[in-house]
Amino acid sequence: VTNDVALLTFVPLTLVISRKTKVPMLDTVILQTIAANIGSSLTPMGNPQNLFIYTFYEIKPVPFFMTVLSLAILGIITLYFFMRRLERKDLKVEMAPVHMTDSKKTIAWSMILVIIIASIFGVIPYEAAFIITLLSAVIFNRQLLFKIDYLLLLTFICFFIFVGNISNTSAVHTLANTSLKDSASVYFNSILLSQFISNVPASILLAEFTPDWKPLLLGVNIGGLGTIIASMASVISYKLYIQSNPYEGKQYLLKFSLYNFSFLAFLTLIPFVILKILKIF
């Protein structure tokens, strides 16, 4: 369901529990954000940059999963040891149960999700999946069409237009030709560029200049760690946390940077060493 949706689901729940139990959960929210960014690297639809690279290079499912599997496993193991450092407390929270009022709609939306995933893997045309999804929204809940973040969609369209324009300039061509010489340079440049312009536009920009999708895929996923703008998911968590705790912005950014740059350094170095040993880079 993508890293953004995962955080929009779990971070508010975490904040509700924090408020009800009076237990601060700043570290938990930050680690949730890292978990979403790492976990989303595992599937083509886990995050926008994966979906773009998967489609742009017309990658088959097996090579894709084989490329990102080791990164996801290493990231999850690292995350586990960081979580072990958190103080453990037994929490008891009373929350109102959510009742399914219409099981038919639940089944219908589940089937639509299956159709969308099938379109990503090329089982059915994405045009058909789009039409089915749109018609279903009109039939079952047309109010959803008014809740779509059209500004975010426009932002992505502008990213494509902007990157398409600057990638055609002679200066960018010269810089790309001199800096993207091999797999290692693609890997490190994608990580570095993600820190400043976010990993989605970084993947769009660099894809124009390299056929080497494996280091690009690994680089932009690892590059989602680090600065808070390296991944849109990180910005979402920050905004949600600050809305609930408006006076903890500085503390959040300091701890966020400490956690994220620690993960970034470790996950940049270890996969690179492994791939060097395997002579992939």
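Rings of Phe, Tyr and Trp (its six-membered ring) pair if their centres lie within 6.5 Å; planes under 30 degrees apart count as stacked, over 60 as edge-to-face and the rest as tilted. This is a predicted model, where local features need pLDDT of at least 70, side-chain atom pairs count only at pLDDT 80 or more, and totals for chains, interfaces and linings use all residues. Residues are numbered from 1 along each chain as its sequence is written, and side-chain values use heavy atoms, leaving out hydrogens and water.

**View 1. An aromatic cluster.** Tyr54, Phe64, Phe65 and Phe121 form one aromatic cluster. The chain holds 16 aromatic pairs.

**View 2. The pair Tyr54 and Phe121.** The two rings sit edge-to-face, 6.1 Å centre to centre, with 75 degrees between the planes. Tyr54 lies in helix α3 (residues 48-56) and Phe121 in the loop between α5 (103-120) and α6 (126-140), so the pair ties together parts 67 residues apart in sequence. Helices are DSSP runs (H or I, at least four residues), numbered from the N terminus. Tyr54 is buried at 5% relative accessibility. Phe121 is partly exposed at 27%. Buried means under 20% relative accessible area, exposed over 50%, and partly exposed in between (1.4 Å probe, protein chains only).

**View 3. The pair Phe82 and Tyr259.** Ring centres lie 5.9 Å apart and the planes meet at 55 degrees, so this pair is tilted. Phe82 belongs to helix α4 (residues 61-83) and Tyr259 to helix α14 (residues 249-277), so the pair links parts 177 residues apart in sequence. Tyr259 counts as buried, at 8% relative accessibility.

Terms used:
Helices (H or I, at least four residues) and strands (E, at least two) are DSSP runs, numbered from the N terminus.
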